[in-house]
Amino acid sequence: MLPRRARGSFGGVETATRLAEIVARLREHPVGAAIKEEAQLEPALESPAAVLFILRGDGLELGPVLRRIHAAGKLAAVHLDLVEGIGRDHVGVRWLVRAGADAVISSHGHLVRTIRASGVVAIQRLLLSDGTSIAAGLAAVERASPDLVEVLPGAILPHVRDLLATRVRVPLLAGGFIRRAADLEAALAAGAFAVSTSSPELWGRR
Amino acid sequence: MRPCLTEVLLEVRAGSPWPPPGRGLLLHHLDLDQLIRVVGQTEDPLVVDLDSVDGLSPDRRAAAFLIGRLGIGAIVTRHAPVAAAVAAMGGLALFRVFAFDSTGLERSMIAHPRSPAVGTVVSPGLVLPYLAAERAELPGPLVGYGLIRRWEEVEACRRAGADSVVLWLEDQSSRVDRVAGRR
């Protein structure tokens, strides 16, 4: 049975409202907590992090987790491509939205429109592996027009920001191998407005 | 078989600059005809990214062709059975893993053949200096490949344990297409 969405209706107006909210929360607390295992949830809920990025877990049973996140006054972005049990398709997106996700993350540009039409924030991952992939990834981002772009690995953003600067016109998140305060500060200085990290010692930083 | 792995490999693909002679080259994103012509044009040490060559299937037969017919000594692939086959044929197999984040790297490493004759290519190579926690788990020889454009980045990767670093040249006048197009 599909989970019921706790609040709101679907559509563009709600997406804009949620985007404004998630951006505002991340600007205030620019370090999002990336949750890779269940044991990280409790510390993340107790941390100052305002947005939790769910990277693993049973996508079909996320409802209770997302309700706890909301009860703690935080927002949740769920990674469609990484949680288990959920199809990387339109139905999978709608399942996560009804479970309570505030944002859905995917590398699949063709799902961005579905995510936005479902009333939540669409975060497209831009995977930087080499010169060939970066061109293809930027073209995919331009076609999809997500609300936010997450650059991975975020730790290298300071080295490649010149390749992205004129092509990505939405706020940039940085995620991946940001483990030290210096990496965090470098990513923010390179143009990311926020980062996601699984390193709990960074979750409280501003 | 040609010598292959050098401390710095210059990245060569269709449309990229033709690099100065005397260094090792990593050939990728060429079609098969271009690849054959480029191999015939240079005596430099060569590594081939098999998965990106149009006209070749990433399989044992293609690996045998590269090693046996073209004399390629080292092959990059993200397909574990192909890496194992390259090693069995006496070539240097370089299993390519993608390090976008720690979760992705873990998943990528699950498929690594982990045999002594199979090294590791980490992409993007730029991330190598950030992988201190993972370095011991990456079987050598270790190659950093992807988005490395500056000598200080090459040096940082070498300090991080890379045996070889692939340098992406962006600004040269002669182009591989021109060389590859010669008959």
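Biologist: Is A:Phe177 buried or exposed, and how many other C-beta atoms lie within 10 Å?

Modeller: The model is predicted, so local features need pLDDT of at least 70 and side-chain atom pairs count only at pLDDT 80 or more, whereas totals for chains, interfaces and linings use all residues. Residues are numbered from 1 along each chain as its sequence is written, and chains are lettered from A and ligands numbered from 1 in the order in which they are written.

A:Phe177 is buried, with 27 other C-beta atoms within 10 Å; a residue is called buried if 20 or more other C-beta atoms, placed from the backbone, lie within 10 Å of its own, exposed if 12 or fewer, and partly exposed in between. The residue sits in the loop between β7 (172-175) and α8 (181-189) of chain A, where helices (H or I, at least four residues) and strands (E, at least two) are DSSP runs numbered from the N terminus. Its phi is positive, about 65°, although A:Phe177 is not a glycine. Most residues other than glycine have a negative phi, and most peptide bonds are trans.

Chain B has a residue of this kind too: B:Leu147, not a glycine, has a positive phi of about 70°. B:Leu147 lies in the loop between β7 and α5 (151-159) of chain B, and B:Leu147 is buried because 24 other C-beta atoms lie within 10 Å. Cis peptide bonds occur in both chains: one joins A:Leu152 and A:Pro153, with omega about -10°, and another runs from B:Ser123 to B:Pro124, with omega near -5°. A:Pro153 belongs to the loop between β6 (148-152) and α7 (157-164) of chain A, and B:Pro124 to the loop between β6 (118-123) and β7 (142-145) of chain B.

Exposed positions of chain A give a contrast. A:Glu37, in the loop between β1 (31-35) and α2 (41-46) of chain A, counts as exposed because it has 11 C-beta neighbours inside 10 Å. A:Glu28, in helix α1 (residues 12-28) of chain A, is exposed, also with 11 other C-beta atoms within 10 Å. The C-alpha atom of A:Glu28 is separated by 7.4 Å from that of A:Arg206, 178 residues apart along the chain.

Strand β2 (residues 51-54) of chain A runs parallel to β3(A) and is joined to it by 4 bridges, pairing being counted if DSSP finds at least two bridges between two strands; the bridge partner of A:Phe53 in β3(A) is A:Ala77. From β2(A) the chain crosses through helix α3 (residues 63-71) to β3(A) in a right-handed β-α-β crossover, meaning that, with the strands pointing away from the viewer, the path from the first strand over the helix to the second runs clockwise.

Leaving aside residues up to four places away in sequence, A:Val78 touches, among others, A:Ile54, A:Leu62 and A:Leu96, contact being C-beta atoms, placed from the backbone, that lie within 7 Å.

The two chains meet where 18 residues of chain B are in contact with 19 residues of chain A. The side of chain B that touches chain A has 10 nonpolar, 5 polar and 3 charged residues, where Ala, Val, Leu, Ile, Met, Phe, Trp, Tyr, Cys and Pro count as nonpolar, Asp, Glu, Lys and Arg as charged, and the others, Gly among them, as polar.
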